[in-house]
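Subject: The structure I promised you

Hello,

Have a look at it first, and then read on.

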Amino acid sequence: MMTNVLKQRETILALMVMALVLLVGLRAPVFVSPASLGNVLTDSTLLIMLALAQMLVIVTRGIDLSVASTLALCGMVAAMLAAAHPGLPLGVVMLAATVAGLLLGLVNGALIGYLDLPPIVVTLGTMSVYRGLVFVLSGGAWVNSHQMPAHFIAFPLDTLLGATHLVWMAALAVLACWYGTRHTRFGRDLFAIGNAPASARYVGIPIARRLFWTYGISGMVAGLAGYLWVARYAVAYTEIAYGFEFTVIAACVIGGISIAGGAGTVAGAVLGSLFLGVIGNALPVVKVSPFWQSALTGLVILAAVLINARGNQQGGRQILPLHQIQSGSHT
Amino acid sequence: MQVNNAGALSKAAPVLEMRGICKRFAGIVALNEVALTVRAGEVMALLGENGAGKSTLVKTLTGIYQPDGGSILLDGRQVVFHGPQQAMRQGITAVHQETVMFDELTVAENIFVGRQPCTGKAGRIDWKRIEEEAEKLFARLEVAIPVRARVRDLSVAQRHFVEIARALSQDAKVVILDEPTASLSQREIMELYRIIGQLKEAGTAIIFISHKFDEIFTVADRYTVLRDGRFVADGAMADITEPQLVALMVGRAVHQAYPKANVAPGGPLLEVDGFCHPTEFDSVSFTLRKGEILGFYGLVGAGRSEVMQALFGLTPNVRGSVKIDGAPVRITCPDDAVKHGIAYVPEDRQHHGAHLSMPILHNMTLPVLDRLGFFLRRQRRRETTLARHFAQQLELKAHHLMQNVSELSGGNQQKVVLGKWLATNPRVIILDEPTKGIDIGSKAAVHRFISRLVEQGLSVILVSSELPEVLGLSDRVMVMHHGRMVREFSRHEATPESVVAAASGIAEAKEAA
């Protein structure tokens, strides 16, 4: 049935991820050990969180190119804050990074929602502005691991009930995003806006307000991810996560989230991220040059787009009278 | 005619009353003192030719347009709608051909989108209730639509039913059905009639827009006729006959002076035989003679533009044969068509016809750049000469040739598009609604120009929804209905009544010729 195509796509993607893991496992059995797989998961968590936020944006027919710059700026804020005040509780540092991200995201949201500017142009602009601000803020200097307090660095990889904090946070993000898109008006409105903006206005959805907060959420998640990134790699510099916005968008596209808006699932975003995470971790294991990684990612994106395009082919207008009921989905 | 004479029904107070509605667009009057009254449990047929103002009136009623004058009374209270959702909230819903639908969402969600019932403080959407209510609505309408299906998988008829269900769920007082049967099968139409009956019983007022007279006489209780944006007449269906309605709609003799060129058409130039498309048109055949103006008339959406686009090589999956000068030709892309001397001036000037952000000069020479030698500076003069030649011929009003097309008026933009295609030296020029939305002065210039074209030996296919234009200019008129060619009229046998009747699908209309 047509209605199951979306679900099918996610099943296929899940199978592909598993097949990829097994295939690499055949060449290098080390890769499928629980510890190694745990590493892959931990490595994918930031991508998962960012892809989920990006999904919300893409579903509204938008795009947020500024996530990586927001991440870098908030990561730098967190690192400099912790370096200057080693006694500050970690919660305050994380909150600072998150709030900074939210504010940066809301700037995008205000320009796109209330001023009705095209998302790609606005976030292309803020992408450069935020990246520039990292340099202004830090003066181009690095914050190295010895300048950061120990608990600041330790948090992401500390474990709770056998899983790293990163994995727990990603799990929380998945749950929140699933609940938000499925069970709240806010989330459903995003889909309605992406499906048919004119119709959404018709049924009284406050489009500007919804977009404002959607970009806010995207920035907020990027802000939190900024701290996690800096702490995880124990270094903050101006080029952190350079170009990562495209990895995030790639994860969404591979996960079947339609760039045309209106369609996408949490499972798709997660699986798309995992797919890229597995490729990134597996290729070095089987001794494939990292340059192939980028080419392979590109091929997967093209394949995903091809599949989506074939699913959405439409015929012309129905002018000739129909002589029987076209029962699309009588079950 | 019979004004406010609706028999027993008129006892009820009107649910909706529109008085003296006026609407202008950039100086063009679209609605002038239009009045419309609908009572509870009554079906009002809104009638008029293409461009009579029906759609504008509906858009005014549903809050998409704000009227420039007049008042709307709902249940005797004056209301002003600033936006469509306001009209919807107050109980006025329209079921359009361009439906308010969210393809990726489920049927149930489509009915409640934007106002989903929630439970608890957290505002969790009550999916169970949404689906139950949706099922109840469909049970009430007695149609079987799975509420969890995605709307993209539904047929056109099922989409209409979803919209009607949405209207019901909002306790709509007035439901506007805008050509609801346009793409429905006979069985689906019967189902729609049954639902209209239910709505009537429930006391809903219905405005029914249709071009099909058999339908109107089946479902409507009363009628209102518009013509050229003005109210013409209203009354009870029981008191009027089909020819009388047609006369009210057409209403005018074609007395405008159309500069019909005195050219006797020669032998056949373009022969189209058995043109078919899977969904858009079927077995369309016609012959265009040298120096002839062949008019194509039909209701909006009858498939005329689609045939022309197919002829110009824009549409895939077309079967049938095309001959030029008796020799078969294959046209699979517009480039082929241009090579064979066919030019197509599309209906949507802003999007398909002109490059608005480019200057007049570059617009005009775009299809013939290869002939001009683009990069050589000396050829610039030839480019200018060519553009100036057509600008003068077309009486183009512009400051200079480097002016952007976006700065011109609609009529002058159209002249640029015409000039652009004439520069390709076509033998056949297809004009799709060449005077749509342009002012009277430019219209006359375009008409004069069309006549001059045939004098110069070109053949013209004129697709137009303006009856006087088609009748005034054409040597022959082909009428299409529902993707099929229904009749061919020669110039002297084409009367407004007979052409409109054929276009409305009235079988064997009595000819008043």
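Please keep in mind that this is a predicted model. I will go through the chains in turn and then pick out a few places to look at.

Let's begin with chain A, which has 13 helices and 2 strands. Its C-alpha atoms fill a box of roughly 75 × 55 × 35 Å along the principal axes. A compact globule of 331 residues would have a radius of gyration near 20 Å, and the 21 Å of chain A agrees with that. Of the 331 residues, 44% count as buried. If you take the contacts in chain A with a separation of 6 or more, 78% of them are between residues 24 or more positions apart.

Helix H3 of chain A covers residues 67–84. At 1.5 Å a residue, its 18 residues should span 26 Å, and the end C-alpha atoms are 25 Å apart, which agrees. Since 14 of those 18 residues are buried, H3(A) is largely enclosed by the rest of the structure. Helix H4 of chain A, residues 90–114, has 25 residues and reaches 35 Å from its first C-alpha to its last, close to the 36 Å expected. A:Asp116 follows H4(A) and has a positive phi, near 60°.

Now, which residues does A:Val203 touch, leaving aside those up to four places away in sequence? They are B:Gln85, B:Val100, B:Val113 and B:Gly114. A:Val203 itself lies in the loop between helix H9 (197–202) and helix H10 (207–233) of chain A. With 21 other C-beta atoms within 10 Å, A:Val203 is buried, because the cut-off for that is 20 or more. Another residue to look for is A:Ala192, which is 11 residues from A:Val203 in sequence and 9.7 Å from it in space, C-alpha to C-alpha.

On to chain B, which has 18 helices and 22 strands. The C-alpha trace of chain B spans about 75 × 60 × 45 Å along its principal axes. For 513 residues, a compact globule would have a radius of gyration near 24 Å; chain B has 25 Å, which agrees. Buried residues make up 49% of chain B. Among contacts in chain B with a separation of 6 or more, residues 24 or more positions apart account for 68%.

Chain B is divided into domain 1 (1–90 + 206–251) and domain 2 (255–341 + 428–434 + 459–507). The C-alpha centres of these two domains of chain B lie 32 Å apart. In chain B, 10 residues of domain 1 are in contact with 12 residues of domain 2. Helix H8 of chain B (residues 242–250) gives the largest share of the domain 1 side, with 4 residues.

Finally, there is an open sheet of 4 strands in chain B, with the order S14-S13-S16-S17 and antiparallel pairing. Strand S13 of chain B (residues 268–276) runs antiparallel to S14(B), and 5 bridges join the two. To see this pairing, look for B:Glu271, which stands opposite B:Thr287 in S14(B).

Enjoy exploring, and send me any questions.

Best wishes

Note on methods:
Residues are numbered from 1 along each chain as its sequence is written. Chains are lettered from A and ligands numbered from 1 in the order in which they are written. This is a predicted model: local features need pLDDT of at least 70, side-chain atom pairs count only at pLDDT 80 or more; totals for chains, interfaces and linings use all residues. Two strands pair if DSSP finds at least two bridges between them. The radius of gyration is taken over C-alpha atoms; the globule rule is 2.2 Å times the number of residues to the power 0.38. A residue is buried if 20 or more other C-beta atoms lie within 10 Å of its own, exposed if 12 or fewer, and partly exposed in between; C-beta atoms are placed from the backbone. Two residues are in contact if their C-beta atoms, placed from the backbone, lie within 7 Å. The expected span of a helix is 1.5 Å times one less than its number of residues. Domain bounds come from an automatic or database domain assignment.
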